[in-house]
Amino acid sequence: MTTKWTTSDLRGLRVFLLDDDISLARLISKELEVHGLNVLMAHSLAQAQSLFPGFNADLAISDINLPDGNGLEMVMEWKRTQAEMPVILMTAHAAIDSAITALRLGAYDYLQKPFATEALIAAIVRAGEVGHLRRRVKQLEGKEKPLEPFQIIGSSAPIEKLRQVLERVARSKADTVLILGESGSGKELAARAVHEWSPRAQEPFVEINCASIPETLLESELFGHEKGAFTDARERKPGLFEMARGGTVFLDEIGEMPLKLQAKLLRVIEYKRYRRVGGTKDLEFSARLVAATNRELEEEISEGRFREDLFYRLDVIPVSIPPLRERKSDIPLLSKHFLKKLSAQLE
């Protein structure tokens with residue numbers, strides 16, 4: 001039986017500390033060394049990129065605002081190269097949105113400045129235990145059956161056919177995939193299966209619902225923005241296209257995307273390039289784009305609400321998710337699944 005970690009378990013832990021406030025970094029470093037941790041400091045992105053590879057860190061602590069960029073860039077790099085390592089973000093109140101974005105990217109926790117030393121130590125204890133468990137799981141990889149990528153419940157003929165189609169699509173070289181289906185039919189699960197079955201499975205899967213974010217914010221979420229690009233842009237922020245480098249971007253409810261953004265998305269698909277909002281430098285887009293909608297896009301085109309050229313770019317490999325009324329034999333399996341899930345919640 002395992003017990004929860006305490007500060008005594010931290011001895012010997014290797015911590016990479018990234019903060020441009022040298023005085024604060026030294027104070028944090030001294031406090032951590034009192035608890036027996038080994039600390040390596042960096043004060044810029046460039047310095048971090050130079051020092052980190054040779055340190056073999058157990059966890060990282062990073063500020064978000066850095067003199068030569070954004071701490072999110074290091075979070076993305078660490079997620080790619082050392083996914084088991086927990087990352088704790090330090091952030092000012094004005095950068096809370098970026099901290100939440102970092103959590104979506106895989107950061108473990110964040111602390112809002114100013115914070116008490118006790119809060120930092122407590123976060124490190126939790127992160128240290130999580131990192132230990134993650135490394136243990138990695139050691140055991142291959143000894144247990146991996147999670148089945150296809151999570152749509154059912155064994156009917158339409159579902160088996162869908163499984164086969166998604167496997168072929170995932171392993172194809174298609175850069176765009178369009179998933180069609182009614183609300184609740186499993187479009188997101190299908191998109192995740194396409195990612196997990198593909199050679200991109202070890203890279204990020206990022207998603208956004210185009211209907212849930214205002215037009216003024218959606219462009220920044222997708223493309224990112226430069227510091228000063230608009231009133232509240234106090235720092236440079238990478239967008240989902242940048243976060244998904246080499247992986248998969250899932251655009252749910254693509255039919256709700258404003259026409260202005262549709263034009264920019266078309267350019268990304270055609271040229272594999274884009275710019276952050278307020279930026280002047282082209283960035284490479286290397287992810288697969290999976291879009292989904294419950295709308296009839298041909299009707300949207302005729303009504304002038306969706307670009308025809310974008311539709312044909314997305315519709316290279318269309319995948320249709322069958323509604324439940326077309327696979328009624330799956331109802332008993334679905335009922336059993338949800339009853340089991342509900343029972344577990346009520347225990």
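Glu221 sits in helix H8 (residues 215-223); helices here are DSSP runs of H or I with at least four residues, strands are runs of E with at least two, and both are numbered from the N terminus. This is a predicted model, in which local features need pLDDT of at least 70 and side-chain atom pairs count only at pLDDT 80 or more, while totals for chains, interfaces and linings use all residues. Residues are numbered from 1 along each chain as its sequence is written, and side-chain values use heavy atoms, with hydrogens and water left out.

Is Glu221 buried or exposed? Glu221 counts as buried because its relative accessibility is 17% (buried means under 20% relative accessible area, exposed over 50%, partly exposed in between, with a 1.4 Å probe and protein chains only). Setting aside neighbours within four places in sequence, Glu221 is in contact (heavy atoms within 4.5 Å) with Arg104, Ile208, Ile213, Lys237, Gly239 and Leu240.

Now let us turn to the sheet. Five strands form an open sheet in the order S2-S1-S3-S6-S7, with parallel pairing; two strands pair if DSSP finds at least two bridges between them. Strand S2 (38-42) and strand S7 (109-112) each have a single partner strand, so one side of each is left without a neighbour in the sheet. From one strand to the next, the twist averages 20 degrees (axes are lines fitted to C-alpha atoms, for helices over the stretch in contact, and angles run from 0 to 180 degrees between N-to-C directions). Strand S6 (residues 87-91) runs parallel to S7 and is joined to S7 by four bridges. Look for Leu89, whose bridge partner in S7 is Tyr110.

Another helix, H5 (residues 117-139), holds Ala127. Ala127 counts as buried because its relative accessibility is 0%. Beyond neighbours within four places in sequence, Ala127 is in contact with Leu59, Pro86, Ile88 and Tyr108. Ala127 and Val87 are 40 residues apart along the chain, yet their C-alpha atoms are separated by 7.7 Å.
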